Amino acid sequence: MNRQEQMLQIMKMESAYEELEPLITAARNDMELLEKALPLLCELNSYYENGEWMRDFDDDQKGLLPSDLKRGILCEDTIYDLLMDYSELLQQLKRILKKGALFE
């Protein structure tokens with residue numbers, strides 16, 4: 001490799017680093033936030049799966065809950081869609097890990 005090729009390679013790698021460093025930092029921060037949110041996600045999933053959500057949904061349909069109660073989670077798809085988004089995120093992470101497993 002001559003000096004010109006060497007300098008071009010260094011410039012290319014510097015550019016790659018400058019593009020990747022903030023992306024990796026942001027992804028790491030997002031993963032840390034997601035990890036901190038896991039207990040809350042598990043709690044929401046349990047509420048949805050164990051029948052409590054259905055009880056609350058039915059009571060809301062019967063008009064037994066106060067009209068001023070915030071109840072976005074009682075829409076039929078709200079929690080389900082969030083859990084499916086999480087599942088798709090996990091699948092995406094698995095694909096990324098499979099493609100980019102540099103340090104195994």
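**Reading the features of a predicted model**

Reply: Leu23 counts as exposed, at 52% relative accessibility. Please keep in mind that this is a predicted model.

Me: Where is Leu23 placed, and which residues form a nonpolar patch with Leu23 on the surface?

Reply: Leu23 is in helix α1. Together with Leu20 and Ile24, Leu23 forms a nonpolar patch on the surface, and the three have about 300 Å² of accessible area together.

Me: Which residues make up the largest nonpolar core?

Reply: The general idea is that, in soluble globular proteins, nonpolar side chains tend to be buried together. Here the largest nonpolar core has 8 residues: Leu41, Tyr47, Tyr48, Trp53, Phe57, Leu74, Ile79 and Leu83. The elements giving two or more residues to this core are α1 (3-49), α2 (52-61) and α3 (78-99). The largest share, 3 residues, comes from α1.

Me: With which residues is Tyr47 in contact, leaving aside neighbours within four places in sequence?

Reply: Tyr47 is in contact with Glu52, Trp53, Asp56, Ile73, Leu74 and Ile79.

Me: How many aromatic pairs does a search of the whole structure find?

Reply: The search of the whole structure finds 2 aromatic pairs. One of them is formed by Trp53 and Phe57, which are stacked, with 5.0 Å centre to centre and 15° between the planes. In general, a pair of aromatic rings is described by the distance of the centres and the angle of the planes. Trp53 and Phe57 both lie in helix α2, 4 residues apart, or about one turn of the helix. Ring pairs link these two residues and Tyr48 into a cluster.

Me: Are Trp53 and Phe57 buried or exposed?

Reply: Trp53 is buried, with a relative accessible area of 5%, and Phe57 is buried as well, at 12%. The reading rests on a cut-off, because buried means under 20% relative accessible area.

Me: How many salt bridges does a search of the whole structure find?

Reply: The search finds 2 salt bridges. In one, Asp56 is paired with Arg55, and the closest N and O atoms are 2.9 Å apart. Asp56 counts as buried at 18% relative accessibility, whereas Arg55 is partly exposed, with a relative accessible area of 43%.

Me: What is the distance between the closest N and O atoms of Arg71 and Asp60?

Reply: In the salt bridge of Arg71 with Asp60, these atoms are 2.5 Å apart. Arg71 lies in the loop between α2 and α3 and Asp60 in helix α2, so the pair ties together parts that are 11 residues apart in sequence. Asp60 is buried, with a relative accessible area of 17%.

Notes:
Residues are numbered from 1 along each chain as its sequence is written. This is a predicted model: local features need pLDDT of at least 70, side-chain atom pairs count only at pLDDT 80 or more; totals for chains, interfaces and linings use all residues. Side-chain values use heavy atoms; hydrogens and water are left out. A nonpolar core is a set of buried Ala, Val, Leu, Ile, Met, Phe, Trp, Tyr and Cys residues joined through side-chain atoms within 4.5 Å. Buried means under 20% relative accessible area, exposed over 50%, partly exposed in between (1.4 Å probe, protein chains only). Contact means heavy atoms within 4.5 Å. A salt bridge is a side-chain nitrogen of Lys or Arg within 4 Å of a carboxyl oxygen of Asp or Glu. Patches are made of residues with over 30% relative accessible area and no salt bridge: like charges are joined within 9 Å, nonpolar side chains (Val, Leu, Ile, Met, Phe, Trp, Tyr) within 5 Å. Accessible areas come from the Shrake-Rupley method with a 1.4 Å probe; for residues, only the protein chains shown count as cover. Rings of Phe, Tyr and Trp (its six-membered ring) pair if their centres lie within 6.5 Å; planes under 30 degrees apart count as stacked, over 60 as edge-to-face and the rest as tilted.
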